[in-house]
Amino acid sequence: MRRIEVRAVTFVTVAALTVAALATPSQAAPAAVPEGPAGPLAAGVTRVDVTAVPAAIGRNLRAATARYASTVARTPDGRTIATASDAEAIRRYWTPERMRRALPARAPAPSIDTGGVAIDPDATSTRTDSRPPSEQALVEAARAVGAEITPAAAASRTVGKVFFIDPIDGREHFCSGATVNSTKGRLVATAGHCVHNGVWMVGWIFAPLYDNGLHPTYGQWIAGNLAARTDWMYYRRSSADVGVAIMDNNLSGRRIIDVVGGNGLAWNQGLGHRVDILGYPAASPHNGLTQKSCTATTSEGIDVGQIGAAPCNFTAGGSGSPMLLGYGELGTGLGYVNSVVADIYTPRPNEVFGPYFDDVNAGLFYYAEAISP
């Protein structure tokens, strides 16, 4: 496969995004929302609705200089996805056999910049709401594939396997990812190097609750846009190794959170929290065929602006796996995405690492929401 250079990107600062979001009537000021089934949040934790960039992000001087980039997703041969037939071409490309033979994503390139922002212990802890799937959508999804929806209790339909083609080596690869609740209902969180690792990835799809490619109960969702932080794209800062895909499926208007639900988003949560990590680690080059999980406690990572989570023996392919706070408290298979697995270091075995979700990393999700159809 020929190498494809995709350079069409859009840049935005958090400050500009804040102004745009607050100028939209439907995205006025963030408002408090009713407590969910998890009950009251811990003291000092604020919950907001994902309909506007929180004012705190706009006021944060560090966040105001952060930049985000996005690109229109492309087919495996590099064409812009513009029609339902383009999306269908991607769906046809990803046969069960191609999914099974896909390799874990290339390891992130070494950092070319040691910069990064240290964890701020005084930042305001904030969480957004999760959302369960629509019961009608579940029934329709099952009927479409002639399946019964009875996922394993330990698995989450909001977590799935991510597939894409890396233009640098021209091969099929995979990561993990998870849906994040928002007003428009199309966001999937993953690692930054799973959307951009020197170039933008192409042929990007998300398969919720993937199981050996045999039972696509929840469909294969096509990315319409990919978004990342420029601090990751150009400086390889591990504190910025987070990415977001906007699922446009077949351009029919169907929303992924109506089918599988969406996790809440949590940031500025500090350290020492229990997290459940779910994803598709590969113990061998062709593994990662079913969803795995581990329960760990967060601590300071190796790099600046990074957290660790142990014990967890995830391997390559687990990149993009969500670190979920309060897993199961909000409903079956739901939690708050507090980070994503991005690095696995041999000097500290049985531990995984990801970017600390602060105001800047949270801003990437608000940016993706703003450009989502």
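User: Leaving aside its neighbours within four places in sequence, which residues is glutamate 351 in contact with?

Analyst: Contact means heavy atoms within 4.5 Å. On that basis, and leaving aside neighbours within four places in sequence, glutamate 351 is in contact with Ser299, Gly308, Ala309, Ala310, Cys312 and Ile344. Please note that this is a predicted model, in which local features need pLDDT of at least 70 and side-chain atom pairs count only at pLDDT 80 or more, while totals for chains, interfaces and linings use all residues. Residues are numbered from 1 along each chain as its sequence is written, and side-chain values use heavy atoms, with hydrogens and water left out.

User: Where does glutamate 351 lie, and is the residue buried or exposed?

Analyst: Helices (H or I, at least four residues) and strands (E, at least two) are DSSP runs, numbered from the N terminus. Glutamate 351 lies in the loop between E17 and E18. Buried means under 20% relative accessible area, exposed over 50%, and partly exposed in between, with a 1.4 Å probe and protein chains only. Glutamate 351 has a relative accessible area of 9%, so the residue is buried. Asparagine 350 is found in the loop between strand E17 (336-340) and strand E18 (352-355), and counts as partly exposed because its relative accessibility is 39%.

User: How many helices and strands are there in the protein, and what percentage of its residues is buried?

Analyst: The secondary structure comes to 9 helices and 18 strands. Of the 373 residues in the protein, 57% are buried. Among contacts with a separation of 6 or more, 75% are between residues 24 or more positions apart.

User: Which backbone angles deserve attention?

Analyst: Phi of asparagine 350 is near 60 degrees, a positive value in a residue other than glycine. Leucine 209 also has a positive phi, near 50 degrees. Leucine 209 lies in the loop between strand E9 (202-208) and strand E10 (221-229), and is buried because its relative accessible area is 15%. The peptide bond from alanine 310 to proline 311 is cis, with omega near 0 degrees. Proline 311 lies in the loop between strand E15 (306-310) and strand E16 (322-325).

User: Which residues are buried in helix H4, and why do they count as being on the same side of H4?

Analyst: In helix H4 (residues 84-93), the buried residues are Asp86, Ala87, Ile90 and Tyr93. They are on the same side of H4 because they cover an arc of only 115 degrees around the axis. The arc is that of the directions from the helix axis to the C-beta atoms. The buried residues of H4 pack against helix H5 (96-101), strand E6 (159-166), strand E7 (171-180), E9 and E10.

User: How should I read a nonpolar core?

Analyst: In soluble globular proteins, nonpolar side chains tend to be buried together. A nonpolar core is a set of buried Ala, Val, Leu, Ile, Met, Phe, Trp, Tyr and Cys residues joined through side-chain atoms within 4.5 Å. The largest nonpolar core has 71 residues, of which Phe163, Trp204 and Met247 touch the most other members. Helix H9 (residues 359-371) gives the most to this core, with 7 residues. Apart from this core lies another, of 17 residues, among them Val275, Ala296, Ile307 and Met323.

User: What can be said of alanine 245?

Analyst: Alanine 245 is found in strand E11 (residues 243-247), and counts as buried because its relative accessibility is 0%. Leaving aside neighbours within four places in sequence, alanine 245 is in contact with Arg186, Leu187, Val188, Trp204, Ala223, Asn225 and Leu226. Alanine 245 and threonine 190 are 55 residues apart in sequence and 7.8 Å apart in space, C-alpha to C-alpha.

User: Where is asparagine 197, and is the residue buried or exposed?

Analyst: Asparagine 197 lies in the loop between strand E8 (187-190) and E9. Its relative accessibility is 3%, so asparagine 197 counts as buried. Among the contacts of asparagine 197, leaving aside neighbours within four places in sequence, are Arg106, Pro108, Trp232 and Arg236.
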